[in-house]
Each structure stands twice: as C-alpha cells, then as structure tokens.
Amino acid sequence: MGSPPERLLRRLEWRLGRRLDGRLQGAYRTIWHGAGVDFTDLRTYTAEDDVRHIDWNVTARLDEPFVRQYTEDREFTAWLVVDRSASMRFGAHEGKDSVATELAVSLARLVSQGGNRVGAILFDNAAQRVIPPRTGRDQILRIAHELLKPSPAAKPKRSGTPAAGTDLTAMLNLAAKTTASRRSLLFLISDFIGDPGWDRPLGRLTHRHEVVVVRIVDPAELDLPDLGLILVEDAETGEQLLVDTSDPLLRGRLAGEVDARETELAAVMRRAGVAAHRITTDQDLLSALVRMVRTAGQVRR
C-alpha cells in the first residue's frame, strides 16, 4: 500500500492528471509567470505591465515609461510557505490543516513538472521547518511526509497570560530571509488569523518574488451556524467562552465583524499587489486549483 505520503501523492496525482496536466504544456512558460534573469530588450510601458520592471533611468532620460524585457527561465524555484499554527487545525472536513496539506502537495506536484525545484517553509510559532528546494518525486514525498506529521504542540501558557496568535510577520520575514538569494514563486498558504502588522512584510516580499496567496477558511468562520448554546475555544489562545449562537444580536455583530475583516484583508492584498485566492474546507480542491490556474497572473502590480 505504501507509506502515507506515497498514498497521498498517488491519490492526488490520479485526480490532478486529467484536470490540470494539459494546462502545463509549453516550452518556457509555466501556469504562473516565470521570473527570468536575462535582460533582452526595452519597450514602452503598457497598463498591463508589472511596474517593478520599469527602467527608471531610461524613463527619466526619454520622459516616457519603458520596461525591461527578460528571457524567462525554463526552470524556476517555487516555495510553499505553509501556516501550521493552532488555528489551522479548526474546521470541518478534517480541518483547514488537512486542506492546506493536500493543496501544498498538489502545487508541489504541479510546479515540479519540467525539472522545477520546490522547497517548503512550514511555520508555527513554536517551531519552523525549512525544506531546501530540490527537484523530483522524492522531494514531493519529503514535503508530504513533513506536512503529515502532527503540528508542534503549543507551548504551555503562563497562568493568566493568553498565548499569542500566529506571528504572521515572523512567518513572512522567515520566508523573505530563506528565499533572499533568488527570485522565486512563493505560495503563501494560511488562514491569516494572527496579530496585525504583517502587511508591510508582505509588500516587501512581493517586491522580490512572484507571490500567490491562498487563504484557507472554514465556512463556520464566515457564517456562524445556529447551534444554540455552545462552548467556543480560541485555538490560538485557549480562551473558552459560552456562546448562544441563536442570539440574533450576536449573529448580527459577528456578521459585521466578518465583513469588516474580509474587506480589510482584500485591501491588504490589493496594496501588496498579490494574486489572492480563498478556499473553503467544503470546496472541491481540484475545482479550486483549476480556478487558480485560470486566473494566474491576472492580479498584478
């Protein structure tokens, strides 16, 4: 039967083969924009161009914006930055962590086509794991093996002191430090539940790399189900609260908070210029991946 990573990869390969492999054909381009290193020419700027490719010296000299053109690499390096914090273990259908694992392994398998290198950064406040980028099926199995391990246990809290939420700033800074040597394609997979202040590190990351954000969400986080009186525990802090989910005032207030949070998150992603996708735990993963492929590269700075 094989090991758990082998079984997971075989199952995903069988599902991916018919739906997505045909979209990966082409001599030098991937489904996501490559990041070539060889300068070839200059041309005038158009509205669809990435502003990071503007040659400011030529633009100032000719008083008209020009962009540099590059030869795209046949091979590129991709990194999977996966949030493995406590809040990712919440949710139905085996939880957000399970969806993130299947998504990361699927993406590793897709982008490894043609000899592309894939690495991974698995982040938790208590522990981080960096898997250097390599090629081949063994590398995908290694990433799957690490993702299938239980997430690190949260550190014990001091009496009366709540544990901190996910340090998204630290996660993004670790990604920036780890990938500093080469422009790469980064997939950020997280629920983005954590302390504020991570928008600037995200913006700095997008100046260096091609970044695709995948936000994993459980439907209960968007629309609280009416379950009557329940005990709710914060996965990040361990704080418990008795909640009457049938209370219309409570439901209305929570709905307003959800709308505000969704609006703010969308604004942060727009300011950073990243391609952002939202996947819920009750979605078909293959359908979500197809949509990601179809819209790849449309959200550009």
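Me: In which loop is the place of Phe 192?
Reply: This is a predicted model, where local features need pLDDT of at least 70, side-chain atom pairs count only at pLDDT 80 or more, and totals for chains, interfaces and linings use all residues. Numbering starts from 1 along each chain as its sequence is written, and side-chain values use heavy atoms, without hydrogens and water. Helices (H or I, at least four residues) and strands (E, at least two) are DSSP runs, numbered from the N terminus. Phe 192 belongs to the loop between E6 and helix H6 (199–208).

Me: Is Phe 192 buried or exposed?
Reply: Buried means under 20% relative accessible area, exposed over 50%, and partly exposed in between (1.4 Å probe, protein chains only). Phi of Phe 192 is near 55 degrees, a positive value in a residue other than glycine. Its relative accessible area is 1%, so Phe 192 is buried.

Me: How is the aromatic pair of Phe 192 and Trp 198 classed?
Reply: Rings of Phe, Tyr and Trp (its six-membered ring) pair if their centres lie within 6.5 Å; planes under 30 degrees apart count as stacked, over 60 as edge-to-face and the rest as tilted. A search of the whole structure finds one such pair. The ring centres of Phe 192 and Trp 198 are 5.2 Å apart and the planes are at 40 degrees, so the pair is tilted.

Me: Where is Asp 63, another residue with positive phi, and is Asp 63 buried or exposed?
Reply: Phi of Asp 63 is near 60 degrees. Asp 63 sits in the loop between helix H2 (56–62) and strand E2 (66–71). With a relative accessible area of 72%, Asp 63 is exposed.

Me: What is the strand order of the open sheet?
Reply: Two strands pair if DSSP finds at least two bridges between them. The pairing is mixed. Strand E5 (128–134) and strand E10 (275–280) are the edges, each pairing on one side only. The six strands run in the order E5-E4-E3-E6-E7-E10.

Me: Which residue in E10 is the bridge partner of Val 213?
Reply: E7 and E10 pair in the parallel sense over six bridges. For Val 213, the partner in E10 is Ala 276.

Me: At about what angle does helix H8 run to E7?
Reply: Axes are lines fitted to C-alpha atoms, for helices over the stretch in contact (heavy atoms within 4.5 Å). Angles run from 0 to 180 degrees between N-to-C directions. Helix H8 (residues 248–272) lies across E7 and E10. Its angle to E7 is about 170 degrees.

Me: How far apart are the C-alpha atoms of His 277 and Ile 216?
Reply: His 277 is found in strand E10. His 277 is buried, with a relative accessible area of 16%. Along the chain, His 277 and Ile 216 are 61 residues apart. Their C-alpha atoms are separated by 8.7 Å.
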